[in-house]
Amino acid sequence: MATIDAELIENYLDYYEQTQGVLPERLHGFGEQYREQGYLTRNQLYDIAYESSTRSAYHVEKNPEDRCRQVTANVLLVEDDFSKLQLLTGLRGFKAPTASCVVTALDPESHAVVDTRVWATLERFGHVEGRKESFSPADYVTMIEPIRDIAAETGYTAEEVGYALFAYDDKHREGTLH
């Protein structure tokens, strides 16, 4: 079986620009705001959610402003990946893939934006088992472990590995996404 190596990551990072994935530079801007403020506002969370999923972003507006600030401030206090994702998915409009955008914006070295495409590529290369179309915080932990291993082996960040895995599936998937 083929492996996910530095050459594959490099090639698919180049290809990522041709996909309709989350824009890394937008996430980096959100991450800067997050680190400076120590929290994210409802409007900032809406913008992140819109980057991730335009269809469901409107749900974010149903969260009270103070809850958005408190939850995102609490995420900064927690070390555990599962707990970070669990906190964020407690907000309306945030399932694990959208929550992964928030933690990736905050720490792109250690986190990656994940979704069906990333899972499919990890499954194709034998890092996870079974097909998935929806994700929980536990599924994020399942995905981020091999992503971090690949990042350590290739010298790329977890964020970059995630984007490359997304692009790989975008290019190689036959048929529809769901």
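These legends describe close-up views of helix packing and selected residues in a predicted model. Residues are numbered from 1 along each chain as its sequence is written, and side-chain values use heavy atoms, with hydrogens and water left out. Local features need pLDDT of at least 70 and side-chain atom pairs count only at pLDDT 80 or more, while totals for chains, interfaces and linings use all residues.

**View 1. Helix H2 against helix H3.** H2 spans residues 24-37 and H3 spans residues 42-52. Helices are DSSP runs (H or I, at least four residues), numbered from the N terminus. The two pack at an angle of about 155°, and their axes are 11 Å apart. Axes are lines fitted to C-alpha atoms over the stretch in contact, and angles run from 0 to 180 degrees between N-to-C directions. H2 and H3 are therefore roughly antiparallel (over 145 degrees). The crossing of H2 past H3 is left-handed, meaning that the near helix is turned anticlockwise from the far one by less than a right angle. From H2, Arg 26, Leu 27, Phe 30, Gln 33 and Gln 37 meet Gln 44, Asp 47, Ile 48 and Glu 51 of H3. Contact means heavy atoms within 4.5 Å. By class, this contact has 3 nonpolar, 3 polar and 3 charged residues. Ala, Val, Leu, Ile, Met, Phe, Trp, Tyr, Cys and Pro count as nonpolar, Asp, Glu, Lys and Arg as charged, and the others, Gly among them, as polar.

**View 2. The buried face of H3.** Gln 44, Leu 45, Ile 48 and Ala 49 of H3 are buried (under 20% relative accessible area, 1.4 Å probe, protein chains only). Seen down the axis, these buried residues fall within an arc of 135°, so they line one face of H3. The arc is that of the directions from the helix axis to the C-beta atoms. H2, H4 and H6 pack against the buried residues of H3.

**View 3. H2 across H6.** Here the packing angle is about 70°, with the axes of H2 and H6 7 Å apart. The pair is therefore roughly perpendicular (65 to 115 degrees). H2 and H6 make a right-handed crossing, with the near helix turned clockwise. Leu 27, Phe 30, Gly 31, Tyr 34 and Arg 35 of H2 make the contact with Cys 101, Val 102, Thr 104, Ala 105 and Leu 106 of H6. These residues divide into 7 nonpolar, 2 polar and 1 charged.

**View 4. Thr 98 in H6.** Thr 98 lies in helix H6. Thr 98 is buried, at 5% relative accessible area. Neighbours within four places in sequence aside, Thr 98 contacts Ala 49, Ser 52 and Gly 93.

**View 5. The buried side of H5.** In H5 (residues 81-89), Asp 81, Lys 84, Leu 85 and Leu 88 are buried. They cover an arc of only 90° around the axis, which puts them on the same side of H5. Their cover includes H4 (65-77), H6 (96-106) and H8 (137-154).

**View 6. H7 and H9.** H7 (residues 116-124) and H9 (residues 158-172) pack at about 85°, with axes 8 Å apart. H7 and H9 are therefore roughly perpendicular to each other. Their contact comprises 6 nonpolar, 3 polar and 4 charged residues. Among them are Val 118 and Leu 122 of H7, and Leu 165 and Phe 166 of H9.

**View 7. Glu 145 in H8.** Glu 145 lies in helix H8. With 47% relative accessibility, Glu 145 counts as partly exposed (between the buried limit of 20% and the exposed limit of 50%).

Key:
Parallel < 35°, antiparallel > 145°, perpendicular 65-115°, else oblique.
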